[in-house]
Amino acid sequence: MPPMRAAFSLAPLVLFSTITAAEPSGETPLLVQVGGSYLSAATRVQLEKTWGAYVGVATLLTDTQGFVGWPSADLDARYANGPTTSLLSVTACYTERFISSGERYYFGLGIGGSYNEIGRLASGSNPSRKDKSWGFGGKALFGYLLTNRAFVEASYFQTPELAGIETKSMTVGLGYWF
């Protein structure tokens, strides 16, 4: 990978680490969510599995609106383990969530970097190996506020293919704003 592209892919992770060290603004600056990751059709065949695990954290970047919504730094991890292949995908994004005044639903978009890792177990004379890559990543999301702090969020992650396996997926998570 060219050095400039690698540096650009790392930028969201560096941004996230510096943001979390500062005290974020707002009443509910941190969110945590857990749930499942519904794998893409091609990945389901490769992993012999339909669902994986999902965890996400985010922090508000400011108490003022960004371009179209409330800006946050999001870090999401998705993992699925099949009989011979495993997939780990970590995405760091600048995300904006748009919440209409008085409404309980919201939507958002995020763009950033993605780290993907495919692990393969040894078979026959082939040794086990891991393929790793950095690339651009993004997400689109739709959420619903169950209370003023608890929420359900569905996201679609667009991440690059690695070693012939699609790393994109959809997630559903139950979360809480702290």
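G36 is found in strand β1, strands being DSSP runs of E with at least two residues, numbered from the N terminus. The model is predicted: local features need pLDDT of at least 70, side-chain atom pairs count only at pLDDT 80 or more, and totals for chains, interfaces and linings use all residues. Residues are numbered from 1 along each chain as its sequence is written, and side-chain values use heavy atoms, with hydrogens and water left out.

**G36 and T171**

At 15% relative accessibility, G36 counts as buried; the term denotes under 20% relative accessible area, with over 50% termed exposed and the range in between partly exposed (1.4 Å probe, protein chains only). Not counting residues up to four places away in sequence, G36 touches W51, G52, Y54, M170, T171 and V172, where contact means heavy atoms within 4.5 Å. G36 and T171 are 135 residues apart along the chain, yet their C-alpha atoms are separated by 5.6 Å.

T171 belongs to strand β8 (residues 169-177) and is buried, with a relative accessible area of 1%. When neighbours within four places in sequence are left aside, the contacts of T171 include G36, S37, Y54 and R78. Further contacts of T171 are E153, A154, S155 and F157.

**The barrel**

Eight strands form a closed barrel in the order β1-β2-β3-β4-β5-β6-β7-β8, with antiparallel pairing. Neighbouring strands of this sheet are turned against each other by 25 degrees on average, direction ignored; the axes are lines fitted to C-alpha atoms, and angles run from 0 to 180 degrees between N-to-C directions. In general, strands of a sheet pair through backbone hydrogen bonds, either parallel or antiparallel. Two strands count as paired if DSSP finds at least two bridges between them.

| Strand pair | Sense | Bridges |
|---|---|---|
| β1 (residues 30-39) and β2 | antiparallel | nine bridges |
| β2 and β3 (residues 70-81) | antiparallel | eight bridges |
| β3 and β4 (residues 85-99) | antiparallel | 12 bridges |
| β5 (residues 105-120) and β6 | antiparallel | 16 bridges |

V32 stands opposite V57 in β2. G56 has D76 in β3 as its bridge partner, while A58 stands opposite D74 in β3. D74 in turn has C93 in β4 as a bridge partner. For N116, the bridge partner in β6 is S133.

**Nonpolar cores and aromatic pairs**

A nonpolar core is a set of buried Ala, Val, Leu, Ile, Met, Phe, Trp, Tyr and Cys residues joined through side-chain atoms within 4.5 Å. The largest such core has eight residues: L31, A58, L60, Y106, L141, L145, F151 and W177. Two or more of its residues come from each of β2 (51-60) and β6 (129-145). A second, separate core of seven residues includes L39, L87, I118 and I165. In soluble globular proteins, nonpolar side chains tend to be buried together.

Aromatic pairs join rings of Phe, Tyr and Trp (its six-membered ring) whose centres lie within 6.5 Å; planes under 30 degrees apart count as stacked, over 60 as edge-to-face and the rest as tilted. By this rule there are seven aromatic pairs. One of them, F151 with W177, is tilted, at 6.3 Å centre to centre and 45 degrees between the planes. F151 lies in strand β7 (residues 150-158) and W177 in strand β8, so the pair ties together parts that are 26 residues apart in sequence. F151 and W177 are both buried.

Technical notes. Helices (H or I, at least four residues) and strands (E, at least two) are DSSP runs, numbered from the N terminus.
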